[in-house]
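I opened a new page for this structure.

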Amino acid sequence: MSSEKMHSSHWGVFRVSEGDHDLSVTAWGDDPDPSPLLGNFTDAADHPVRIGKPAVRRGWLEHGPGPDNRRGADEYIEVEWEQALDLAAAELARVNRVFGAEAVFGGSYGWSSAGRFHHAQSQVHRFLNTTIGGYVRSVNSYSSGAAAVILPHIIGELNEVARRGVSWDDIVAHTDIILSFGGMALKNSQVASGGISRHTERESMRLAAERGARFINFSPLRSDMPPEARARWHAIAPGSDAALMLALIHDIVVNGDADKAFLERYCEGWSQFEDYVLGKADGLAKTPQWAAGICRYPAQAIAALARELAEKRVLITVSHSLQRAEHGEQPVWLGLALAAVLGQPGLPGGGYAYALGAIGHYGKHHNIVAFPPFPQGVNQVNTFIPVARVADMLLHPGEHYDFNGQRLTYPHIRLAWWAGGNPFHHHQDLGRLRRAFSQLDTLIVHEPFWTATARHADIVLPATMTLERDDVGGTPTDPLLVAMQKVREPQGEARDDYTIFSALARRLGAEHTFTQGRSSQQWLRHLYRQMQDKLGQHGLSAPDFDTFWQAGSLLLPQTKDGDRLLRHFRADPGGAPLPTPSGKIELFSRTIAGFGYADCPGHPAWLAARQQPDAHHPLWLIANQPATRLHSQLDFGQWSASHKQNEREICQIHPCDASKRAIRNGDIVKIFNQRGALLACARITEDIMSGVVQVPTGAWFAPLEPLADKPFCVHGNPNVVTSDTGTSSLAQGCTGQIAIVEIVKFDGPLPAMNAFKPPHLTKGLNPASE
Ligand code: PGD
């Protein structure tokens, strides 16, 4: 048994040691509510699905770079590191020489691991910037693609709004009603990129509820609010929140409960928006009766809720998931509008807390100084895409599209470099994504595991997992800086991304520019010293690096509540204006109206999604964040695996929908639409709205026939049926949360689930000798 080390993950801080077989993992003692996701680490490090050696796809090795439909079905040839690095460096140099850095996609979206130095995306970016001068990048995220674009137009930057909004402390002390659209599931707030030392949301909800605060959960799923909140659950149709919010606003106005003084002083464009709500603009008043049919929720209940909200300290929360849908910008905007009509923004515990509970960063306090990021260098390529438009880019080079007031053109990408992400988890319509990736000349992937993305790559470079290297974990909203101490030697021939990129940069004649002459240990010390210097500027100090490293963690000083964005604005709207064009909350945005988008007008509105249930596909599918893993990470781990049945992901279905289809608890079901199909195991429950089924994301893609146009995932990855369309011309965010499907009992023999076995590998073959 080796000695215990301190380490950290996006889902919590822990102590770990190597046992005879598995790792022994114990949550950090000060965490009041540790995440069970830690259980996925125990058997991960030497799992058979680890990538042990660099590998090259046979088709690429034999025929050279170029579009190839065999990606995803080909076998791999294991090669020595030197050969793999030579091939990768030469291919990058070729593409750069022939087509320029504009032909290289380095967006490399993905969460990778909690360590800030080995942050894989930053490593890719610095490597491409320092070797070929840049790359086509991606902007925004799959988490909050719509919110990140609309919020700056109407109130302020996403991070300011979400991270400096209402705190949990304020909610516990002041809020009467927490009106939550999309809930605040603890499975989401157990995670925070960079790490989280104390999971406090459950306790905050318990304390607030005990004081008498009322939590109201509007969601198709009861489980979107934990029992501790003692929430009232109101099931509404997926994607209908905007209609419900409009109807609430309507009745608050006609009841005479709108805070006119607040709207006058702090908001821009109330009159245009009011005309729309009351139907003066389009002849359609947004009444509860109007909304009831859309939401599948009674008009009287909407009217009663509008009355209940008056004169109370009300906090409106809107989860990230609502904006991962067609017209996802609208519920984000309407949540703010509802809070404004009630006159609540800027009051302690009141107003609008966008995405509170969607991630562990929000509702917390801020460190006075943050641990510095690994510097990425300068990208000389200006071309970018909104992150979720990657398949469009690869399939439609040269085509024009709209984004946030700009008319952009998709570049022609020949080479994509991916480290720390799993597009065959995070992207929608995976059959389309496979066709998109087949257009590339070359796909290079760094991964610890044989994920579906690694199985579509041409050159696969085995990366260490977090436990196999030293790093520092931290985030601006958590006071604990963690020395992430190496626990074990790298599995097989795995190398960390920095070592891989250093060796590649050497081949491209830019080693020193990339490394600055520092080893990874020296970078950790260098970044730590920068943090010490910044603390010094505030008259604060931190122990030297060795003391920190030995202690395993360091508690950083935090600011208190005074910096909350809307408090300042409310106190002094002239002196502390919001960073919007008017300096106020924008209920009508001249900027957005000026873009002229039919799918995102100048005020918040109800815009029906194109995807609606029909006779062939009568059910909504909610494809939400999983509770048993982070995204697709460590899906083979003990905790995730123990929550599947027959090795398949679970599908929740209402008893009425199940009985109509003669589906019983535990049956294997097939969920399908025109894009593909997946298998899952049925769990019948009244905790889901009738007409809706739910399958979480993250089960590794396991297509029965890898090259099928309409993939059939036998494991339960819902992204085979989700739609790859943008939220609107404004944000072009991902719309993976909701799909339209049918479901039937699957009676055939259960196909083998091979996602956790490596692909066919030819070991140690030297291609020159073939
Ligand atoms: P992860 O599974 O976290 O998913 O998408 P993302 O791609 O981030 O992938 C991270 C990968 O990095 C893993 O394969 C892991 O093994 C690898 N990795 C970890 N550490 C390292 C490292 O040090 N080096 C290297 N090279 N690799 C490493 C998440 C995305 O999915 C997100 S954020 C959201 S919010 C979206 N949510 C939904 C949704 O709600 N519904 C649908 N349908 N689809 C979604 N997709 C999105």
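I began with a definition: a salt bridge is a side-chain nitrogen of Lys or Arg within 4 Å of a carboxyl oxygen of Asp or Glu. Arg202 makes one with Asp33, and their closest N and O atoms are 2.9 Å apart.

I noted the ground rules. This is a predicted model, where local features need pLDDT of at least 70, side-chain atom pairs count only at pLDDT 80 or more, and totals for chains, interfaces and linings use all residues. Residues are numbered from 1 along each chain as its sequence is written, and side-chain values use heavy atoms, with hydrogens and water left out.

Next I looked up the domains, whose bounds come from an automatic or database domain assignment. Domain 1 is 5-41, domain 2 is 55-139 + 378-554, domain 3 is 166-362 + 562-595 and domain 4 is 619-745.

I then checked domain 1 against domain 3. Their buried area (accessible area, 1.4 Å probe, that two parts lose on being put together, summed over both) is about 960 Å², with 50% from carbon and sulfur atoms. In domain 1, His10, Pro32 and Asp33 lose the most area to domain 3, together 48% of what that side buries. I found 1 salt bridge counted between the two domains.

Last, I traced a sheet. Strands here are DSSP runs (E, at least two residues), numbered from the N terminus, and two pair if DSSP finds at least two bridges between them. The open, mixed sheet has 7 strands, in the order β6-β17-β18-β19-β4-β5-β31. β6 (104-105) and β31 (761-762) are at the edges with a single partner strand each, so one side of each lacks a neighbour in the sheet. β6 pairs with β17 (residues 415-419) in the parallel sense over 2 bridges. There, Phe105 stands opposite Ala416.

Notes. Helices (H or I, at least four residues) and strands (E, at least two) are DSSP runs, numbered from the N terminus.
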